[in-house]
Amino acid sequence: MTNVIEKLKEFSRQIDLQERFDFKYDINDKIFNSIETEQLLNDKNPFNQNVKLKWILSEKYKTNTEQNYIDFWIVNNWGGIRGFKLNERNIKKVKRFKKQLEKQKLSLDCFSTISSLSKISSFIDPENFVIYDSRVIYTLNWLILTCENQNGFKEKYFPMPSGRNKIITDFDMNTIVNAFHISEYIENTELYVSQQIAYFKFCEFIKTNTEFIYGKGSKPYELEMLLFTLADNEIFKDLKKRIKITTSNTFYN
């Protein structure tokens with residue numbers, strides 16, 4: 001993944017996350033006490049507020065034995081995923097997921113909602129887990145395609161979670177990958193990392209390369225936020241330029 005890493009380092013020099021990252025949430029929510037609310041309000045920058053939120057909720061997980069409310073606030077309120085409701089079935093699923101984090105292997109059932117579940121783990125332990133959602137993986141897969149696999153299949157792709165973003169829906173990455181690697185697809189070559197280990201392989205990629213890209217002392221969520229930020233702008237612009245793909249693995253502008 002050397003070329004992908006170098007490309008991300010280039011992007012990190014071009015993009016100031018404090019200016020571009022624009023993910024907002026309700027700071028005046030009852031989940032926060034007055035001190036936490038003040039800490040979050042002291043900095044109006046969305047990037048800084050989200051970083052502070054990581055550590056505030058991480059501490060809450062350490063000090064609260066009843067964690068269901070925190071889990072579902074992250075998914076429903078912060079993440080905006082209303083379909084993953086606080087009910088007995090989903091409470092059990094979150095518990096299974098937390099146990100599977102320790103074993104470093106997910107069931108297919110847990111991976112089916114990895115966009116929701118990985119939000120929870122990214123707050124439980126920001127040093128080791130990041131969010132695996134459609135924009136982040138869309139960006140990474142596009143970079144694998146254009147930086148590593150342009151002249152032949154070398155690196156496996158990460159399985160795409162479902163997403164609500166229009167660009168990701170309209171320009172399905174699985175179709176693009178399968179069309180580009182048509183020979184491998186016909187031969188049933190495994191193009192994707194197994195769903196059971198994909199989340200952990202992704203987290204390891206992020207952890208291993210964050211300091212190389214952002215410098216000593218940087219945190220994994222910085223690189224994850226960069227991947228998220230790139231999806232709708234830089235990646236989509238590049239995709240539009242190269243959208244014609246032939247089965248001989250050649251892009252045309």
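Helix H4 (residues 46-63) has 18 residues and spans 26 Å from its first C-alpha to its last, close to the 26 Å expected at 1.5 Å a residue. Here a helix is a DSSP run of H or I with at least four residues, numbered from the N terminus, and its expected span is 1.5 Å times one less than its number of residues. This is a predicted model, where local features need pLDDT of at least 70 and side-chain atom pairs count only at pLDDT 80 or more, while totals for chains, interfaces and linings use all residues. Residues are numbered from 1 along each chain as its sequence is written, and side-chain values use heavy atoms, leaving out hydrogens and water.

H4 is largely enclosed by the rest of the structure, because 13 of its 18 residues are buried (under 20% relative accessible area with a 1.4 Å probe, protein chains only; exposed is over 50%, partly exposed in between).

Now to the rings. Rings of Phe, Tyr and Trp (its six-membered ring) pair if their centres lie within 6.5 Å; planes under 30 degrees apart are stacked, over 60 edge-to-face and the rest tilted.

| Pair | Centre distance | Plane angle | Class |
|---|---|---|---|
| Phenylalanine 97 and tyrosine 199 | 6.3 Å | 45° | tilted |
| Tyrosine 157 and tyrosine 192 | 6.0 Å | 50° | tilted |

Phenylalanine 97 in helix H6 and tyrosine 199 in helix H13 (residues 195-214) are 102 residues apart. Phenylalanine 97 is buried at 1% relative accessible area, and tyrosine 199 is buried at 0%. Tyrosine 157 and tyrosine 192 are also buried.

Terms used. Helices (H or I, at least four residues) and strands (E, at least two) are DSSP runs, numbered from the N terminus.
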